[in-house]
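Open your viewer, pick a cartoon view, and keep the selection tool handy.

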Amino acid sequence: MPITDKDVYTISKAAVVAVVGLGKIGLPLAVQYAQHGHRVIGCDINPEVVSIINKGKSHILEEPLLEEGVAAVVARGLLSATTHTTEAVRQAQVVVVIVPVAVNAQHEVVFDTIDAATLAIGAGLQPGTLVIYETTLPVGTTAGRLARLLEQRSQLCVGRDFSLAFSPERVSSGSIFRDLRLYPKVVGGIDEESTAAAVAFYRSVLDAEIIAMASTADAEFVKLIETTYRDVNIALANEFARYADGHGLDTMAAIAAANSQPYSHIHTPGVGVGGHCIPVYPYFLLAGDLPQPVLTLPRHARQINDAMATYAVERVEAITGPLAGRAVLILGVSYRGDVRETAFTSARLLLHALQARGASVYVDDPLFGETELSAEGYTPLIPELKEEICAILLQANHRAYRSFDFSQFPHCKVVLDGRMALDQEKIESLGMRYICIGRSDVACSARDGGEK
C-alpha cells in the first residue's frame, strides 16, 4: 500500500507513548521514541528494571549508545518507567508492545506472556488509542487472538473505537539504533485507518523507509519468511559443508566464488543456529501450516541445523577416538559472538551431544561469570583441569578468542573451529589438529601447501 504526503493522519509530538516490555529491544525503542520528542512511559513486570531506568540508568549494558540515551531522556523528563501497565495505557495515545513469545520443548508457541500483557493493556485502553504489536507473531495472531483479548477486556471495538496494527521489530542486539535508521519499517493494520495511523506514528520516530502491507497478517508473514529464509539458507550451507567434508573440498572458498554471481547469496555453515529469532520463528510459521502441510523445507532445515552439533562431535571423535570419560572444552556459550545472550544457543546442543558420548564437558565464556555459567547448567573450566582437555570446540566467535592461548592445554589433540574464526597455523604449531565445518583435512592441507 503506497503512503503519500496526502495522508490525513499525523501523530502529535505531544502524544504519550506506552512501551510495554523493556527488554533488549523494548528499552532501545523507548529511548528512540523519546529522542524524537514523545513522552514515553515504559512498562515492565520487573520492579528492579523499572527502578534502574527511573534512576537514569540502563539494565542492558551491551547495547551501544543505550546507556547514555537512557540517561539523557530520563533527565529531560521524556522517559519514565512503571510496573503498572494498565495505568500507563490510560495515559497513552500510542501503545507499542514488545514482550516475548517463545516456543516450548515441543516447539509449540507459548502465548502466556503476551496474553497477560494484552489483558493489562485492554484494562486501560481508551477510545482513539493506537495499539501496535512489534513482537514477532504467528500469522493471524494480531487480528485474531490479540484483538479479541483487547476487545473483551476493554469493552471497545477494534477498528471503530481503537486502532490496531502489527509492525515487526527487525533489529539485532548490538546494533539496534543503527538498524532502526537503516532497515525499512514494515507496517500492517487491521484496516486502512489503522495502517495509516501506525505509519504516521513511525514517521514521527524513525527516519527509515516505511513499507505498508495490506493487513496485520501480511506484516506478520514478512517477519516469519525473512527469518525462515535465513534458517533454510544456513541449512543449505551446512549440507554443502558436509558434502565438501566428504569430498576434500573447501566450502568457504566455493561459497565465496559462487556468491560473486549476483543471484547467489549462500550463507555460512557452522555448528548450529542460535538466538531469539532464526531457530524459533520457523516454528511460528509452521504453527499456521495447512492441514495438508506445505512447509516442508523449513521443517527439514530446522532438523539439519540442530543436527550440526552432533556432526561436529563426530568430526572430533574421528580424531580423538571415543570421548567417554574424557574432558572436552566448549569455547563460548553465547548464541553469537560478542553478544551476552544464550537464547537457543548451539552450545546447549554441543553439550548434549558430547554428554551423550560420555564426555566430561567444560565451558569458557569471557562474557559470563562462573556463577552465571553454572546457573545455565554448564560446568566452568577451572585451571586445574586444563591438562585434562583432549578436544576444544569453538562455538561462539567472541573477539577474545582470536588471541586465546591454546598452549594452556598441552594434551589437547584437536580444535574444531565451529565458526571459521581461529588461526589454523597458530593452533597446528602447538601440535594440535585444526578442523572446521566445511573444510576437510584434505582441503586444509591443500590450502596450506600440503603441510600438516
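Start with the second largest pocket, which has a volume of about 280 Å³. Select His107, Asp306, Phe344, Thr345 and Leu349: of the 16 residues that line this pocket, these are the closest to its centre. Keep in mind as you look around that this is a predicted model.

Now colour helix 12 (296-320) and helix 13 (346-356); each of them supplies at least two residues of the pocket lining.

For the second stop, select helix 5 (residues 112-124) together with helix 6 (residues 142-154). Their axes come within 7 Å and cross at roughly 40°, and the crossing is right-handed. To see the contact itself, show side chains on helix 5 for Ile114, Asp115, Thr118, Leu119, Ile121, Gly122 and Ala123, then on helix 6 for Arg145, Leu146, Leu149, Leu150, Arg153 and Ser154. By class, this contact has 7 nonpolar, 3 polar and 3 charged residues.

Last stop: select Gln395, in the loop between strand 13 (389-394) and strand 14 (414-417). Is Gln395 buried or exposed? With a relative accessible area of 1%, Gln395 is buried, because the cut-off for that label is under 20%.

Next, show what surrounds Gln395. Leaving aside residues up to four places away in sequence, Gln395 touches Val271, Ile330, Leu331, Gly332, Val333, Ser334, Tyr335, Thr345, Ser346, Ala347, Leu350 and Arg419.

Technical notes
Residues numbered from 1 in each chain as written. Predicted model: local features only at pLDDT ≥ 70, side-chain atom pairs only at ≥ 80, totals over all residues. Heavy atoms only, no water. 1 Å grid on protein atoms, 1.4 Å probe; cavity = no way out; pocket = protein on both sides within 12 Å on 5 of 7 lines; lining within 4 Å. Points joined across faces, edges and corners; volume = space filled by probe spheres on them. Helix = DSSP H or I, 4+ residues; strand = E, 2+ residues; numbered from the N terminus. Axes fitted to C-alpha atoms, helices over the stretch in contact; angles between N-to-C directions. Left-handed = near helix turned anticlockwise from the far one by under 90°. Contact = heavy atoms within 4.5 Å. Nonpolar A, V, L, I, M, F, W, Y, C, P; charged D, E, K, R; others polar. Buried < 20%, exposed > 50% of the residue type's maximum accessible area, 1.4 Å probe, protein only.
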